[in-house]
Amino acid sequence: MSEASQVKNKESNAQDFEREPVPAHLRKKWLSMSLVWIAIGIDLSAMFLGAELGNGMNLSDSLTATVIGSVILGLIGALCAFVGAKTGLSTAMISRFLFGNVGARIVSIVLGIFSLGWFGVQVGFFASNMHTAFDKLVGVDLPLGLLSFIGGLLMMSTAIWGYRSIERLSVWSVPLLVIFIGIAVFTAFKTKGASAIWEPVSGSPIPMGTAISLVIGIFIVGTVLSPDIGRWARTPMHAVTAAFIGFFVGNSFMTIIAIFLSRLMDTDDLTNIFIALGLGLPAIIVLTLAQWTTNTNNLYSASLGFSVVFQRVPKKLITVIAGILATLLAVFGIYDKFLSFLNVITSFVSPIGGLYTAEYLLVNRKKFTFEGIERNKNWIIRSLVVWVLATLFAYMTTPSPDGFGWFQLTRVPALDAFIFAFIVQWIIGKIMSKKG
């Protein structure tokens, strides 16, 4: 290989292709991509949801809810990842085919703000749990601001270098997480015995519909952003396989583990469960890796969204600035006030997945070519109208005080918005294409 070719390959490997398709020779097989999605799915939110389900339902019902919800997430994630693999483009870039070159900037800002806000929330969540762990393990009362700062910089480090850095983190962290969590489950069974998992639920059980909606709701927006990872797939089938396995296994694994641990230990406080089992160091490692592998992807998606808006700014610089801002929000405790804001943003983001999957699969996939992207219209009004209508529909199915609460469809407003956007975009798209 010539020196010029080696330099070209090095430059290519250093790029993240935030504004263009990922080249075919750099694309990945399904196994490594599955590990990335599994790592993203293994997070503290899933663990605490599992603990809540374990305390609020009998074992068979909680497992049923988790499996059904995770299958639905896997199917949606596979559908969205398929579009990412076919186009080779990020979610933000795909939005240019839907909303026009100018309209897409609005969408990209929404995607960026959501991902950035959630990054700050998760950093604060991580800091709170690490504070508890250090306090109970070594009696050290570390400031939440310091833990937030350290956690934010840690999670930002891999996002700066893009997908391949996230992939490397996932490949070694997933086996390590499985080992430590396996030790926790084995220790809990050995300490408490298997009979505890069959104990009846005290108080009012969580309804099955509510439980399934919680499982879906915790990760529905991640499926909409799956082209950010799916664009790296060697073939569409690799993307579909990896996404389904990743979302199904990643979302269900930690939830199911937490269900067993909470029933065995009769508490939904997962940090205390690890400490009570004498697994202090594994607790810290699990808390760190579980949140790191998930939250770095939030910042990665945010930087991809902002890269479409600020087209002359290098993505690494965008990632650093965005990461520092989100970390500072967590350091100063503002992340607590983002929770209801993020619930609202979810209603805005979820319809985007329904829009681009319907447009690509059922309306006009021929226009999804990078070569013709600059010739797009500045605004595509029909998609913008459907986006607004789907967002309003989500508010209609969201219980008050965050929404109107007029009726319920799937019990997951984000999923309602996705389905509504998919159907309406398909119908209106077909009508407009016949008129054209």
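Start by selecting Ile 216: its relative accessibility is 2%, so Ile 216 counts as buried (under 20% relative accessible area, with a 1.4 Å probe and protein chains only). You are looking at a predicted model, in which local features need pLDDT of at least 70, side-chain atom pairs count only at pLDDT 80 or more, and totals for chains, interfaces and linings use all residues. Residues are numbered from 1 along each chain as its sequence is written, and side-chain values use heavy atoms, leaving out hydrogens and water.

Now widen the selection to residues 208-217, helix H9, where Ile 216 lies; helices here are DSSP runs of H or I with at least four residues, numbered from the N terminus. Which residues does Ile 216 touch, leaving aside its neighbours within four places in sequence? Show Gly 69, Ile 72, Leu 73, Val 412 and Leu 415, which are in contact with Ile 216 (heavy atoms within 4.5 Å).

Next, pick helix H5, residues 91-99. Nine of its nine residues are buried, so H5 is largely enclosed by the rest of the structure. Among them are Met 93, Arg 96 and Phe 99. Step just past H5 to Gly 100, which has a positive phi of about 90°.

For the last stop, select H6 (residues 103-138) and H7 (residues 144-160), whose axes are 8 Å apart and meet at an angle of about 125°. Residues making this contact include Phe 119 and His 131 of H6, along with Leu 144 and Met 156 of H7. Colour the contact by class and you will find nine nonpolar, six polar and no charged residues.

Conventions. Buried < 20%, exposed > 50% of the residue type's maximum accessible area, 1.4 Å probe, protein only. Helix = DSSP H or I, 4+ residues; strand = E, 2+ residues; numbered from the N terminus. Axes fitted to C-alpha atoms, helices over the stretch in contact; angles between N-to-C directions. Nonpolar A, V, L, I, M, F, W, Y, C, P; charged D, E, K, R; others polar.
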